[in-house]
Amino acid sequence: MSGRAQLMWDEEVTGYDFGAGHPMDPVRLALTMGLVQAYGLDRAVRVVAAKPAGESTLRLVHGQEYIEAVRRASAAPEAADGSYGLGTIDDPAFAGMHEASALIAGQSVGAAEDVWRGEALHAVNFAGGLHHAMPRGASGFCIYNDAALAIARLLELGAERIAYVDVDVHHGDGVQAAFWDDPRVLTISLHEHPRTLFPQTGWPEEAGGEGAEGSAVNLALPAGTSDAGWLRAFHAVVPELLATFRPQVLVTQHGADTHVEDPLAHLAVTVDAQRAVAESCHRLAHEHADGRWVALGGGGYAVVDVVPRSWTHLVAIAAGRPVEATTPVPEEWRQEVYRRTRMDAPRRMTDGREPDWQDFHEAGYDPADRLDQAILATRRAVFPHHGLLP
């Protein structure tokens, strides 16, 4: 295995564009790559552009009729078939939609292939993580589910145990649905509680289908959860399950929309805690998956203040060149941000918080605390299936 990190990037992924005013502004991708380059991280990784996912690859997860509907909407957006979730407020059809979506999917599939074959130890596709797309429909700004496709390709290549950890503020419903009945795939999602956020799924009782009980793990966090609670929850659930499951590959989704400034959700996490979780995922990959790590982006709608910093930290960690939190943001990048968005960019790679949290095992369970209630609900629903005490 080369040991090198790989960054999947093709500038054409910015063609995944739902139009003016849509929260999923592709400028977030361009600005992230610009910040990666401003720090010279593109020289610390191998930058690779994979080919778009082809028909046979897309069919590993998505139905043929749905793929054909996406193709038709891509060619004639005004005639999009709403019965497939296309042409909606969340997922407006746009010219070239199939091509842009397949290209993003191809980057995640290519990342998975290269990690499995030993071409890279870690691979990052921050344009990916489109975890809401369902086998037969678009959902939540997601057309093709690149995360599920990457996992399905790993299974096709012979992987027998794959763990997927999703820390986006929204439930990773599409990935869970794709592998609901497959005990080879452990899906873990930490997200805002479905009572208060789309897609209203991801309850702790959703624990996997028949024959795959315990393979779906859902930790539903109370609205307003901040760094200390978010980190406490992550460490109360994820490490033990990975240690028991022993994945051959760890696939992670790093939606940045958990941030306190994100306009579409209600958690209160900082870039500093997001960086800490990325570091934990890196460490867990080495501890439990021989270092094989595929890291994806996801949601994130504070496209200047949050997303580029969060995902640049992710790339830096994968590259073995972590950027210190107090590092000043390069001035040339800040000028580029203003030129493109007329917004002032942040000046440092930190929100000024040192992540601090109390370990669930060491600090004890508080039965009156809503966060601890959420943690215990998840542990009770899933841990016994893995031979663990809740």
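## A walk through the pockets and salt bridges

Start by selecting β6 (216–221) and α12 (370–382): each of them supplies at least two residues to the lining of the largest pocket. Keep in mind as you go that this is a predicted model.

How big is the largest pocket? Its volume is about 270 Å³. To find the middle, select His-193, Arg-195, Ala-220, Arg-370 and Ala-374, the closest to the pocket's centre among the 15 lining residues. Colour the lining by class and you'll get eight nonpolar, four polar and three charged residues.

Stay on α12 and pick Asp-372. Asp-372 forms a salt bridge with Arg-232, and the closest N and O atoms are 2.9 Å apart. Why is this pair worth a look? Asp-372 lies in helix α12 and Arg-232 in helix α7 (residues 227–245), so the pair ties together parts that are 140 residues apart in sequence. Both Asp-372 and Arg-232 are buried.

Select its lining, which includes Val-167, Trp-230, His-254, Gln-274 and Trp-311. Here α8 (271–288) and α9 (307–319) are the elements that give two or more residues. By class, this lining has seven nonpolar, four polar and no charged residues.

While α8 is on screen, select Arg-275 and Glu-279. Their side chains meet in a salt bridge (3.4 Å, N to O), and the two residues sit four apart in helix α8, about one turn of the helix. Which of them is buried, and which is partly exposed? Arg-275 is buried, with a relative accessible area of 14%, whereas Glu-279 counts as partly exposed at 32%.

Next, jump to Val-13, Tyr-16 and Met-24, which are among the residues lining the second largest cavity. About 60 Å³ of space lies in there, and the lining has eight nonpolar, no polar and one charged residues.

For one more stop, select Glu-331 and Arg-334, which form a salt bridge with their closest N and O atoms 3.5 Å apart. They are three residues apart in helix α10 (residues 331–341), about one helical turn. Arg-334 is buried at 11% relative accessible area, while Glu-331 is partly exposed at 40%. Then select Glu-113, Arg-153 and Glu-156, which salt bridges with shared partners join into one network.

How values were computed
Residues numbered from 1 in each chain as written. Predicted model: local features only at pLDDT ≥ 70, side-chain atom pairs only at ≥ 80, totals over all residues. Heavy atoms only, no water. 1 Å grid on protein atoms, 1.4 Å probe; cavity = no way out; pocket = protein on both sides within 12 Å on 5 of 7 lines; lining within 4 Å. Points joined across faces, edges and corners; volume = space filled by probe spheres on them. Nonpolar A, V, L, I, M, F, W, Y, C, P; charged D, E, K, R; others polar. Salt bridge = Lys/Arg side-chain N within 4 Å of Asp/Glu carboxyl O. Buried < 20%, exposed > 50% of the residue type's maximum accessible area, 1.4 Å probe, protein only.
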